[in-house]
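Let's take a friendly walk through a protein chain, from its overall layout down to a few side chains. Please keep the viewer open as you read.

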Amino acid sequence: MFELLFYAVPAVMLAGFVYAAYLLVRRARRISRTWTHGLTAEARCLRMYTTTSGGGGDTSVRTTLHHVYEFTTRDGRTVRFEEEDGPATVLEGDFVTVRYLPELPQRATARPPARGRLAAGTGVGLVLLGVACTFCVGFMAVAHMMFTESGGMMP
């Protein structure tokens, strides 16, 4: 029964890493599709604010810039959306060009197309998740070899 922990915990972590990789690829595909096939509209920045996280003990503080935009789709619907990590040069009241898919206007983006940057970020994320997955599989393999060699004599 004790050995089960050495398989179950890494397996759950492995499932989480695989799911994170799926979400990362899905996000990159959605953004790329929005840049390629999306419609453009003029949006107004309604609000700009920052949030902070971290800073406990010796950890660094991470500041995230948020923008709230509002635009009107081609079929006349008014859509409001929030985007993180936008440019600090966009202030409240500024007008920007947004891209959106007609079926998902609430998933619009004000970021200009940067396919190389998107590919690089997605690639780095997938490599890190791949290393984590490899570690989990390696850990389970080593644990299996140890339990097999000991013949069940471990506590």
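Is R77 buried, partly exposed or exposed? With a relative accessible area of 41%, R77 is partly exposed; buried means under 20% relative accessible area and exposed over 50%, with partly exposed in between (1.4 Å probe, protein chains only).

Before going further, a word on the ground rules. This is a predicted model, in which local features need pLDDT of at least 70 and side-chain atom pairs count only at pLDDT 80 or more, while totals for chains, interfaces and linings use all residues. Residues are numbered from 1 along each chain as its sequence is written, and side-chain values use heavy atoms, leaving out hydrogens and water.

**Overall layout**

The protein chain has two helices and five strands, in the order α-β-β-β-β-β-α from the N terminus. Helices (H or I, at least four residues) and strands (E, at least two) are DSSP runs, numbered from the N terminus. The C-alpha trace spans about 70 × 40 × 25 Å along its principal axes. The radius of gyration of the protein chain is 22 Å, whereas a compact globule of 155 residues would have one near 15 Å; the radius is taken over C-alpha atoms, and the globule rule is 2.2 Å times the number of residues to the power 0.38.

Of the 155 residues, 27% are buried. The chain exposes about 10300 Å², and carbon and sulfur atoms supply 62% of that area (Shrake-Rupley method with a 1.4 Å probe; for residues, only the protein chains shown count as cover). Contact means heavy atoms within 4.5 Å. Among contacts between residues at least 6 apart in sequence, 62% join residues at least 24 apart.

**Salt bridges**

How many salt bridges does a search of the whole structure find? It finds four, a salt bridge being a side-chain nitrogen of Lys or Arg within 4 Å of a carboxyl oxygen of Asp or Glu. The table lists some of them.

| Pair | Closest N to O distance |
|---|---|
| R33 and E103 | 2.8 Å |
| R77 and D75 | 3.5 Å |

R33 forms its salt bridge with E103. Because R33 lies in helix α1 (residues 4-37) and E103 in the loop between β4 (95-101) and β5 (104-109), this pair ties together parts that are 70 residues apart in sequence. R33 is partly exposed, at 37% relative accessibility.

R62 sits in strand β2 (residues 61-72) and D85 in the loop between β3 (78-84) and β4, so the pair ties together parts that are 23 residues apart in sequence. R62 is partly exposed at 45% relative accessibility, and D85 is partly exposed at 41%. As for R77, its partner is D75, which counts as exposed at 56% relative accessibility.

Most residues other than glycine have a negative phi. D85 is not a glycine, yet its phi is positive, at about 55 degrees.

**Where F139 sits**

Finally, turn to F139 in helix α2 (residues 115-150). Which residues does F139 contact, leaving aside its neighbours within four places in sequence? F139 is in contact with F6 and P10. The C-alpha atoms of F139 and Y7 are separated by 8.6 Å, although these residues are 132 residues apart along the chain. F139 itself is partly exposed, at 34% relative accessibility.
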